[in-house]
Amino acid sequence: MNKTWNNKAWFMVLPVLVLVAFSAAIPLMTVVNYSVQDTFGNNQFFWAGTAWFEDVLESDRFWEALGRNLMFSGIILAIEIPLGILIALNMPKKGIGVPVCLVLMALPLLIPWNVVGTIWQVFGRVDIGLLGRGLAALGINYNYVNNVFDAWATLIVMDVWHWTSLVVLLCYAGLVSIPEAYYQAAKIDGASRWAVFRYIQLPKMKRVLLIAFLLRFMDSFMIYTEPFVVTGGGPGNSTTFLSIDLVKMAIGQFDLGPAAAMSIIYFLIILLLSWIFYTVMTSGDETA
Amino acid sequence: MNAQAKTRNLSWIVPTLYILFLLLPIYWLVNMSFKTNTEITATFTLIPQAPTLRNYQVIFTDPAWYSGYINSIIYVVLNTVISVTAALPAAYAFSRYRFLGDKHLFFWLLTNRMAPPAVFALPFFQLYSAFGLIDTHIAVAIAHCLFNVPLAVWILEGFMSGVPKEIDETAYIDGYSFPKFFVKIFMPLIASGIGVAAFFCFMFSWVELLIARTLTTTDAKPIAATMTRTVSASGMDWGVLAAAGVLTIIPGALVIWFVRNYIAKGFALGRV
């Protein structure tokens with residue numbers, strides 16, 4: 001669409017600016033402030049320069065948490081994206097099945113995140129949970145409280161349960177936008193099922209898949225509540241992700257300086273990801 | 001033809017299995033919510049042997065429990081209203097005009113949607129303490145604007161860009177003033193977009209816990225945070241915990257029904 005140049009449009013953006021300044025810019029400045037200062041208490045601060053940043057970047061604790069974050073995001077993307085595509089391809093196209101599927105599938109997305117954690121906690125517990133009991137009955141030794149592998153498996157299955165529907169809904173939206181004529185043409189040409197998928201459905205889903213991929217990546221990268229409820233970061237530190245570590249440091253131990261420095265590094269990573277996301281999205285807008 | 005007919009007949013299996021997988025943990029929660037604590041801990045039953053409503057009774061009669069729901073609903077509704085109201089003119093500006101720094105501004109808004117709430121928990125606490133807003137509904141409502149306003153702007157901008165610009169121009173020629181045009185003509189045209197934006201604000205404010213918990217102590221404590229205190233002297237009160245969980249699922253299920261036809265488009269941020 002042709003847009004006219006009009007700087008008065010700033011007045012329309014003003015309410016949003018004020019709101020976001022209050023809820024984002026000012027708090028962020030506080031973080032920057034803490035990250036370069038040290039304190040002996042009594043609200044007396046002095047300049048600490050980049051000491052906190054060096055501390056954080058040199059600590060194993062930070063890199064291990066970052067590594068766990070990346071591994072978690074990688075695994076859940078590798079499962080959720082193909083699974084989401086598979087389910088979307090098999091969704092009913094019309095009839096009563098459509099709203100039923102959509103509503104049931106969207107259900108996990110609307111559950112508060114700590115309730116998701118609670119649901120999986122009680123579902124997986126060896127003493128009272130259906131999953132825990134079921135696995136025990138099958139002779140599988142499963143205990144997410146003290147076994148690292150089981151804890152990870154539980155978190156991953158929980159995330160797949162929680163968020164695959166997002167991928168499904170996005171892919172479904174892309175699929176229903178394909179005109180019926182495309183399929184008829186493919187049929188006349190005698191295209192195989194795979195060819196229809198590869199040359200008609202996949203290209204049409206490309207954009208929504210990108211959105212799904214990036215949203216899932218970023219949201220899993222800042223995951224906090226669900227692992228906090230289910231494993232509390234344990235056993236040991238095996239499921240302590242960046243967010244969990246950060247909250248522990250800032251609110252639990254009140255180590256303001258390192259916590260603030262870590263926040264900024266964390267935020268910069270996210271900023272880089274957002275920039276990639278934005279570039280991809282807007283270049284899509286122009287070609288579409 | 002035969003092979004194709006066969007795959008078509010079998011294709012319902014995949015979504016069905018997936019939905020079963022989704023419903024299984026929820027079924028277990030609902031199942032537990034109708035049991036007594038002794039039945040939960042001592043026996044293993046697939047359906048409640050002695051169905052009881054005690055757990056729900058506890059929640060509906062104890063103010064510490066039901067006020068949690070009221071608190072959550074108050075700040076979620078406040079947040080939805082604030083976010084959508086502020087986002088409407090901004091989204092219009094982004095969809096219709098180019099102005100100094102518009103792209104940078106749009107990007108900056110987006111980064112707030114991506115910002116990890118954990119980064120903001122501590123500064124929020126200090127900022128709202130300084131204003132004496134801790135433990136009020138409005139504090140949580142404003143704090144949640146951090147991610148909901150950018151989201152609302154984004155979704156609305158997607159829907160608004162789908163409305164041809166000629167409509168605006170015709171309205172001006174017909175002598176409509178801008179506010180009158182916006183409310184009387186433009187808003188009905190993007191009604192579904194407003195509904196979807198409101199739904200998403202509702203959703204993300206409803207499911208968020210970290211910030212809501214940090215900013216509240218008692219008077220505005222959300223239900224999700226109340227749930228963390230079910231440990232009593234006699235051990236975990238699993239039944240009440242399950243019942244509270246079930247009750248947090250219901251509002252979400254209700255609003256999904258109203259937006260079911262637009263939900264996919266909303267997740268694609270109005271850009272399918």
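This is a predicted model: local features need pLDDT of at least 70, side-chain atom pairs count only at pLDDT 80 or more; totals for chains, interfaces and linings use all residues.

**Where chain A meets chain B**

Modeller: Looking at chain A's side of the meeting place, the element that gives the most is helix α1 (residues 9–35) of chain A, with 20 residues. Sort the residues on that side of chain A by type and you get 73 nonpolar, 18 polar and eight charged. As for how many residues take part, the contact draws 99 residues from chain A and 99 residues from chain B.

What about charges pairing up across the contact? The count of salt bridges between chain A and chain B is zero. Polar contacts do turn up, though: six residue pairs make them between the two chains, counting pairs with both residues at pLDDT 80 or more.

There's also a bit of strand pairing to look for. Strand β1 (residues 4–5) of chain A runs parallel to strand β1 (residues 97–98) of chain B, and two bridges join them. To find one spot there, go to A:W5, whose bridge partner in β1(B) is B:R98.

Now for the salt bridges elsewhere. Searching the whole structure over all chains gives five of them.

Last, some context from the records. For chain A, an unreviewed UniProt entry annotates "transmembrane region" over several spans, among them residues 12–36, 70–89 and 256–278. In the model, residues 70–89 of chain A are 100% helix and 0% strand, with end C-alpha atoms 29 Å apart. Residues 256–278 of chain A are also 100% helix and 0% strand, and here the end C-alpha atoms lie 31 Å apart.

Chain B has the "transmembrane region" annotation too, again from an unreviewed UniProt entry, and the spans include residues 73–94 and 106–125. Residues 73–94 of chain B come out as 100% helix and 0% strand, with 31 Å between the end C-alpha atoms. For residues 106–125 of chain B, the figures are 90% helix and 0% strand, and the end C-alpha atoms are 27 Å apart.

Terms used: Residues are numbered from 1 along each chain as its sequence is written. Chains are lettered from A and ligands numbered from 1 in the order in which they are written. Side-chain values use heavy atoms; hydrogens and water are left out. Contact means heavy atoms within 4.5 Å. A salt bridge is a side-chain nitrogen of Lys or Arg within 4 Å of a carboxyl oxygen of Asp or Glu. A polar contact is a pair of N or O atoms within 3.5 Å; within protein, one must be able to donate a hydrogen and the other to accept it, and residues adjacent in sequence count only if both atoms are side-chain atoms. Helices (H or I, at least four residues) and strands (E, at least two) are DSSP runs, numbered from the N terminus. Ala, Val, Leu, Ile, Met, Phe, Trp, Tyr, Cys and Pro count as nonpolar, Asp, Glu, Lys and Arg as charged, and the others, Gly among them, as polar. Two strands pair if DSSP finds at least two bridges between them. UniProt positions are given in the numbering used here, feature names are shortened, and annotations may be inferred rather than shown by experiment.
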